Amino acid sequence: MTIILAGDIGGTKTILSLFDANSLDTSAPTPQIKSLFEQTYSSQNYIDLVPIVKHFLEAASQEVSEYKKPEKACFGIAGPVVNDSCELTNLSWSLDSDRLQRELDISHIKLINDFAAIGYGVVGLSSSDLHILQPGKPDASAPRAVIGAGTGLGEGFVIPLPQGGYQVFFSEGGHTDFAPRSELEFHLLGYLRELYNITRVSVERVVSGMGITAIYQFLRDHDISQESPEIAQIYHTWKQEIGQEHQTVDLATEVSKAALAKSDYLSVQTMKIFVEAYGAEAGNLALKLLPYGGLYVAGGIAAKIIPLIQEGNFIKALKDKGRVSPLLEQVPVSIVLNPKVGLIGAALCATQI
């Protein structure tokens with residue numbers, strides 16, 4: 001049994017899991033990999049990743065029959081990874097694969113960006129892990145694209161290799177220019193320039209959690225009379241807590257919930273703009289890659305607002321590309337439902353080390 005260790009490392013929590021690499025058929029169209037042991041830890045309670053992994057491996061040795069120390073490990077990390085090193089965005093951790101290999105006595109350790117881990121992970125998802133928005137005409141030999149709105153906006157792609165397997169690339173596509181498609185969105189663009197005191201607006205400013213709050217502010221400032229008392233109270237609390245270390249209100253989450261419940265007009269309109277902008281950017285990515293292997297909508301938002309995506313204009317905006325619109329009708333489009341796609345991706349990446 002060849003044991004590999006995979007981790008999804010975030011500012012709030014760290015998820016670690018052991019897998020048996022021998023049970024994995026990487027040549028299969030959908031390589032399945034099964035966890036032997038898994039634990040979740042509060043990242044803030046530790047000064048580094050090493051003590052977490054040591055605690056985890058000690059617990060695993062008591063729980064896993066015929067336990068062996070992992071030979072390989074891969075960690076998907078919420079932060080920029082350069083040359084297998086990373087300074088975490090929301091933690092005072094500084095991680096380096098060489099140091100981790102020495103201190104954990106694991107022969108091979110790879111660090112990857114958390115969105116790159118999602119890129120690896122979508123290859124290992126089954127049909128039950130996906131919600132199909134457009135069946136398209138899947139082509140296993142074609143690229144796959146991944147887009148995910150959460151705190152920010154991630155984009156990447158997966159290329160199948162001739163000898164089998166695949167290679168994952170992440171990009172900074174979320175920082176390309178926001179392209180308004182209507183008079184309302186042109187007004188939104190101007191509003192965001194003033195709000196943030198910037199000369200250009202990236203698509204991430206609109207298609208992300210902070211985008212939801214910005215769109216809501218934009219609509220509220222134009223017609224506050226449409227705001228419900230419940231959301232008004234939430235908005236004022238959120239406004240007062242801006243800049244504070246501990247915030248009690250997540251405005252984007254509350255606006256999304258109100259839109260799903262159709263209990264607040266401004267929230268409904270906010271999510272309509274958000275969904276259309278999200279679909280349009282997914283279509284931009286699809287045009288550049290022609291991902292007939294599949295376009296996967298991941299991130300922390302999409303799976304929570306499926307009714308809004310289905311009833312809204314996500315797919316319409318995705319395919320609204322003028323003369324080349326018919327090309328996008330063949331692209332399979334799915335929402336990723338499995339919240340552990342990054343952990344699965346880290347495991348699949350580890351098998352390729």
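Rings of Phe, Tyr and Trp, taking the six-membered ring of Trp, count as a pair if their centres lie within 6.5 Å; planes under 30 degrees apart are called stacked, over 60 edge-to-face, and the rest tilted. With that in place, Tyr216, Tyr235 and Trp238 form one aromatic cluster.

A word on what you are looking at. This is a predicted model, where local features need pLDDT of at least 70 and side-chain atom pairs count only at pLDDT 80 or more, while totals for chains, interfaces and linings use all residues. Residues are numbered from 1 along each chain as its sequence is written, and side-chain values use heavy atoms, with hydrogens and water left out.

The structure holds nine aromatic pairs. In one of them, the ring centres of Phe37 and Phe56 are 5.3 Å apart and the planes stand at 35 degrees, so this pair is tilted. It links distant parts of the chain, 19 residues apart: Phe37 is in strand β3 (residues 35-42) and Phe56 in helix α1 (residues 49-63). Helices (H or I, at least four residues) and strands (E, at least two) are DSSP runs numbered from the N terminus. Phe37 and Phe56 are both buried, meaning under 20% relative accessible area, with exposed over 50% and partly exposed in between (1.4 Å probe, protein chains only).

Next, Phe157 and Phe169. This aromatic pair is stacked, with 5.1 Å from centre to centre and 15 degrees between the planes. Phe157 lies in strand β11 (residues 153-160) and Phe169 in strand β12 (residues 166-171), twelve residues apart. Phe157 is partly exposed at 23% relative accessibility, and Phe169 is partly exposed at 33%.
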